[in-house]
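Reader: I would like to learn how to read some local features of a structure. Please take me through them in turn.

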Amino acid sequence: VCTVLTDRLLRVLKFCNLVFGNREEALALASACGWAEGEKGDLQGVMRRIAQLPSNRESRTVVITQGRKPVLLYHNSEMREFPVISIKSEQIVDTNGAGDAFVGGFLSSYVEGRSVTECMERGVIAAHMILKVPGCTLPSKIQ
């Protein structure tokens with residue numbers, strides 16, 4: 001989507017106040033847009049560019065996941081990092097759905113009116129939990 005439907009994506013983004021993606025998607029968008037930050041691998045610079053794209057909203061929050069590396073948040077012109085919860089390789093059952101689980105944890109907290117810090121922390125917890133099960137199925141009991 002980032003490289004094939006770039007124009008459409010940019011048109012849709014002007015209506016978005018929350019943007020989620022992973023490192024590869026963000027850098028692909030930067031490359032498709034010809035942003036120097038993408039060529040340099042400057043992920044934080046790419047996030048700032050995404051946040052500053054034309055918008056019908058007051059501000060835009062950008063969240064980028066990076067696998068085992070900290071999740072990046074650009075919110076109110078401030079860049080922050082949130083560590084992921086350490087997990088041993090042998091505990092990982094399936095990585096499919098980890099990003100979606102992160103977004104679900106974030107958004108469920110967001111609609112409850114929680115702080116962006118709580119949203120990020122809950123997103124990290126949801127992604128961590130989903131790594132331990134096949135597919136994107138939450139366990140019946142959350143530990």
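**Reading the model**

Author: Serine 109 lies in helix α5, residues 98–111. Helices (H or I, at least four residues) and strands (E, at least two) are DSSP runs, numbered from the N terminus. The model is predicted: local features need pLDDT of at least 70 and side-chain atom pairs count only at pLDDT 80 or more, while totals for chains, interfaces and linings use all residues. Residues are numbered from 1 along each chain as its sequence is written, and side-chain values use heavy atoms, with hydrogens and water left out.

Reader: Is serine 109 buried or exposed?

Author: Buried means under 20% relative accessible area, exposed over 50%, and partly exposed in between (1.4 Å probe, protein chains only). Serine 109 has a relative accessible area of 0%, so it is buried.

Reader: Which residues is serine 109 in contact with, leaving aside its neighbours within four places in sequence?

Author: Contact means heavy atoms within 4.5 Å. With those neighbours left aside, serine 109 touches Arg114, Glu118, Cys119 and Arg122.

Reader: How are two packed helices described?

Author: Two packed helices are described by the angle between their axes and the distance between the axes. Axes are lines fitted to C-alpha atoms, for helices over the stretch in contact, and angles run from 0 to 180 degrees between N-to-C directions. Here the axes of α1 (residues 6–13) and α2 (residues 23–33) cross at roughly 110° and come within 11 Å. Angles under 35 degrees count as roughly parallel, over 145 as roughly antiparallel, 65 to 115 as roughly perpendicular and the rest as oblique. The helices α1 and α2 are therefore roughly perpendicular to each other.

Reader: Which residues make the contact?

Author: From α1 they are Thr6, Leu9, Leu10 and Leu13, and from α2 they are Leu29, Ala32 and Cys33.

Reader: Which residues of α2 are buried?

Author: They are Ala26, Leu27, Leu29 and Ala30. Seen down the axis of α2, these residues fall within an arc of 155° (taken from the directions from the helix axis to the C-beta atoms), so they line one face of the helix. The buried residues of α2 pack against α1, β1 (18–22), α3 (36–40), α4 (43–51) and β2.

Reader: What is found at the start of α2, and what just after the helix?

Author: At the start of α2, a side-chain oxygen of asparagine 22 comes to within 3.1 Å of the backbone nitrogen of glutamate 24. Just after α2, glycine 34 has a positive phi of about 75°.

Reader: Where is glutamine 66, and what does its side chain make a polar contact with?

Author: A polar contact is a pair of N or O atoms within 3.5 Å; within protein, one must be able to donate a hydrogen and the other to accept it, and residues adjacent in sequence count only if both atoms are side-chain atoms. Glutamine 66 is in strand β2 (residues 61–66), and its side chain makes such a contact with the side chain of arginine 23, at 3.4 Å. Glutamine 66 is buried, at 16% relative accessible area.

Reader: Which loop holds asparagine 76, and what is its phi?

Author: Asparagine 76 is in the loop between β3 (69–75) and β4 (78–82). Its phi is positive, about 50°, although asparagine 76 is not a glycine. At 55% relative accessibility, asparagine 76 counts as exposed. Serine 77 is found in the loop between β3 and β4, and its phi is near 60°, a positive value in a residue other than glycine.
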